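Here is a briefing on the chain shown below.

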Amino acid sequence: MDEAVPALATGQASTDVVTDKPINVYIWDMDETLILLKSLLDGSYAGSFDGLKDRDKSTEIGKRWENLILELCDEHFFYEEGLEKILDQHMVKVWDDLYSLTDKYTDGWLSSAHKLLGEAIGKSAAAPSANSSSINCIVTSGSLIPSLAKCLLYRLDDVVSSENVYSSWEAGKLQCFKWIKERFDGPNIRFCAIGDGPEECSAAQVMKWPFIKVEFHPEGPHRFPGLDMATIQNYMDVIYESSSKDG
């Protein structure tokens, strides 16, 4: 499988989206944006809190996630299965407990990121989305299979479809952004990239898309919890209204 193309979409033709209603395509980075792993492992997340967070606990949580991801990839991986069908009852509890522990340690980072992705596509507990006018994509620098495993373990599979997960491992994020642009081409499509790294920022600039930089530092302007749809929409409106005037 080519890890630079969307998961489960090898050979899929570009999809022209024709609609009178504006459609927003949100391109999310995974690591250190939707989830925290490297910063937990190396202690940089705890370090940003000036001693208020236990660094050893951060590293322990990160290692537990790392082991769980490797175990899922090595022993069984089927993205379309619910994880309860793959993991036994003990492992489901381990997974649930680790998710809850991580969410508590990070002050709700995981759950608030998941909530925002749900809101992005019009999905909520009160009003599930049947025909969403918006689309979530993930572009990650990690290789494809571990990235899909992370989507499952971090409970992102109900807000991001497997065919919308892209790995930039070989092609780079700019190329992935171009593929997404080609795939969701249309006159009323608006794109927005959200991430923490310079590569996705640079790629968004080339594409002339709004970019929102996420930081885990407690004083960061955009982080979880905190980042909301109103902020994202404001960024998009500024860029697209400006482009419209220039045109």
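This is a predicted model: local features need pLDDT of at least 70, side-chain atom pairs count only at pLDDT 80 or more; totals for chains, interfaces and linings use all residues.

K173 and D29 are both buried.

- K173 belongs to helix α8 (residues 173–183), while D29 sits in the loop between β1 (23–28) and α1 (38–41), so the bridge ties together parts that are 144 residues apart in sequence.
- Both partners count as buried, which by the cut-off used here puts each under 20% relative accessible area.
- The pair is part of a network: salt bridges that share partners join D29, K173 and E200.

**Salt bridge K150–D31**

- K150 forms a salt bridge with D31, and the closest N and O atoms are 2.9 Å apart.
- This pair also links distant parts of the chain, with K150 in helix α7 and D31 in the loop between β1 and α1.
- The two residues are 119 residues apart.
- Is K150 buried or exposed? K150 counts as buried because its relative accessibility is 12%, and the cut-off for buried is under 20%.

**Salt bridge D107–K53**

- The side chains of D107 and K53 meet in a salt bridge at 3.1 Å, N to O.
- D107 lies in the loop between α5 (89–105) and α6 (109–120), and K53 lies in the loop between α2 (44–47) and α3, so the contact ties together parts that are 54 residues apart in sequence.
- K53 is buried, at a relative accessible area of 15%.
- D107 is partly exposed, at 42%.

**Negative surface patch**

- Which residues gather in a patch of negative charge on the surface? They are E71, D74, E75 and D88.
- E75 lies in helix α3, which covers residues 55–75.
- E75 has 55% relative accessibility and therefore counts as exposed, the cut-off for exposed being over 50%.

**Backbone exceptions**

- Most residues other than glycine have a negative phi, and most peptide bonds are trans.
- D107 has a positive phi, near 60 degrees, and is not a glycine.
- The place of D107 is the loop between α5 and α6, and the residue is partly exposed at 42% relative accessible area.
- K208 is not a glycine either, yet has a positive phi of about 60 degrees.
- K208 lies in the loop between α9 (198–207) and β5.
- Is K208 buried or exposed? K208 is exposed, with a relative accessible area of 66%.
- F224 and P225 are joined by a cis peptide bond, with omega at about -10 degrees.
- P225 is found in the loop between β5 (211–213) and α10 (229–246).

**N164, a buried loop residue**

- N164 sits in the loop between α7 (144–153) and β3 (165–167).
- N164 is buried, with a relative accessible area of 7%.
- A polar atom of the N164 side chain lies 3.4 Å from the backbone oxygen of N136.

- Where does S58 lie? S58 lies in helix α3.
- The relative accessibility of S58 is 0%, so S58 counts as buried.
- S58 and G47 are eleven residues apart in sequence. In space, their C-alpha atoms are 9.7 Å apart.
- M91 is found in helix α5.
- M91 is buried as well, at a relative accessible area of 14%.
- The C-alpha atoms of M91 and L68 are 9.2 Å apart. In sequence, the two residues are 23 residues apart.

How values were computed. Residues are numbered from 1 along each chain as its sequence is written. Side-chain values use heavy atoms; hydrogens and water are left out. Patches are made of residues with over 30% relative accessible area and no salt bridge: like charges are joined within 9 Å, nonpolar side chains (Val, Leu, Ile, Met, Phe, Trp, Tyr) within 5 Å. Accessible areas come from the Shrake-Rupley method with a 1.4 Å probe; for residues, only the protein chains shown count as cover. A salt bridge is a side-chain nitrogen of Lys or Arg within 4 Å of a carboxyl oxygen of Asp or Glu. Lys and Arg count as positive and Asp and Glu as negative; His and the chain ends are not counted. The place of a charge is taken as NZ of Lys, CZ of Arg, CG of Asp or CD of Glu. Helices (H or I, at least four residues) and strands (E, at least two) are DSSP runs, numbered from the N terminus. Buried means under 20% relative accessible area, exposed over 50%, partly exposed in between (1.4 Å probe, protein chains only). A polar contact is a pair of N or O atoms within 3.5 Å; within protein, one must be able to donate a hydrogen and the other to accept it, and residues adjacent in sequence count only if both atoms are side-chain atoms.
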